[in-house]
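Subject: Handover of a structure

Dear colleague,

Please find below the structure that I am passing on to you.

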Amino acid sequence: MSAAPSTLTAQTAEQAPVLFKLLLLTFALAFAPISVYYLSQNYLWNGNSTYAAITAVVAANIVLVTYIILSVMEENQLTKASKGTAATAKPETKKTR
């Protein structure tokens with residue numbers, strides 16, 4: 001029964017960077033478009049709210065594309081790591097069970 005807590009701790013340690021990325025990109029998705037809207041409306045487009053809204057939509061899409069790219073890269077790293085450990089593992093036989 002002592003193996004279960006150590007396995008849980010190892011899984012939690014592996015998932016911590018994933019949770020950090022998710023939280024960071026969640027805050028970016030919440031605050032970036034609003035900030036970009038007001039900043040671009042006041043300083044870039046001289047009060048034109050249509051162009052400021054388009055700029056905010058582009059900022060939101062940049063955050064979403066960043067999340068997708070990071071997810072795909074992380075998935076590729078996990079599959080490479082699992083293939084590497086599977087290739088070095090000895091095949092299971094009846095004697096080793």
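Which helix supplies the largest share of the lining of the largest pocket? That share, 5 residues, comes from H1.

Before the details, some remarks on the basis of this description. The model is predicted, so local features need pLDDT of at least 70 and side-chain atom pairs count only at pLDDT 80 or more, while totals for chains, interfaces and linings use all residues. Residues are numbered from 1 along each chain as its sequence is written, and side-chain values use heavy atoms, leaving out hydrogens and water.

Overall architecture

The protein has 2 helices and 0 strands; these are DSSP runs numbered from the N terminus, with helices (H or I) of at least four residues and strands (E) of at least two. Of its 97 residues, 10% count as buried (buried is under 20% relative accessible area, exposed over 50% and partly exposed in between, with a 1.4 Å probe and protein chains only).

The unreviewed UniProt entry lists residues 18-39 and 51-73 as "transmembrane region"; such annotations may be inferred rather than shown by experiment. In the model, residues 18-39 are 100% helix, with their end C-alpha atoms 30 Å apart. Residues 51-73 are also 100% helix, and their end C-alpha atoms lie 33 Å apart.

The largest pocket

A pocket is an open set of points on a 1 Å grid over the protein atoms alone, where a 1.4 Å probe fits, with protein on both sides within 12 Å along at least five of seven lines; lining residues have an atom within 4 Å of a point. The largest one has a volume of about 180 Å³, a volume being the space filled by probe spheres set on the points. Helix H1 (3-44) and helix H2 (49-88) each supply at least two lining residues. The lining includes Glu-14, Lys-21, Glu-74 and Leu-78.

Aromatic pairs

The whole structure holds 3 aromatic pairs (ring centres within 6.5 Å; planes under 30 degrees apart are stacked, over 60 edge-to-face, the rest tilted). Tyr-37 and Tyr-38 form an edge-to-face pair, because their planes stand at 80°, with the ring centres 5.0 Å apart. Tyr-37 is partly exposed at 22% relative accessibility, and Tyr-38 is partly exposed at 47%. Trp-45 and Tyr-51 form a tilted pair, 5.1 Å centre to centre with 50° between the planes. Trp-45 is partly exposed, at 34%, as is Tyr-51, at 43%.

With kind regards

Methods:
Phe/Tyr/Trp six-rings, centres within 6.5 Å; stacked < 30°, edge-to-face > 60°.
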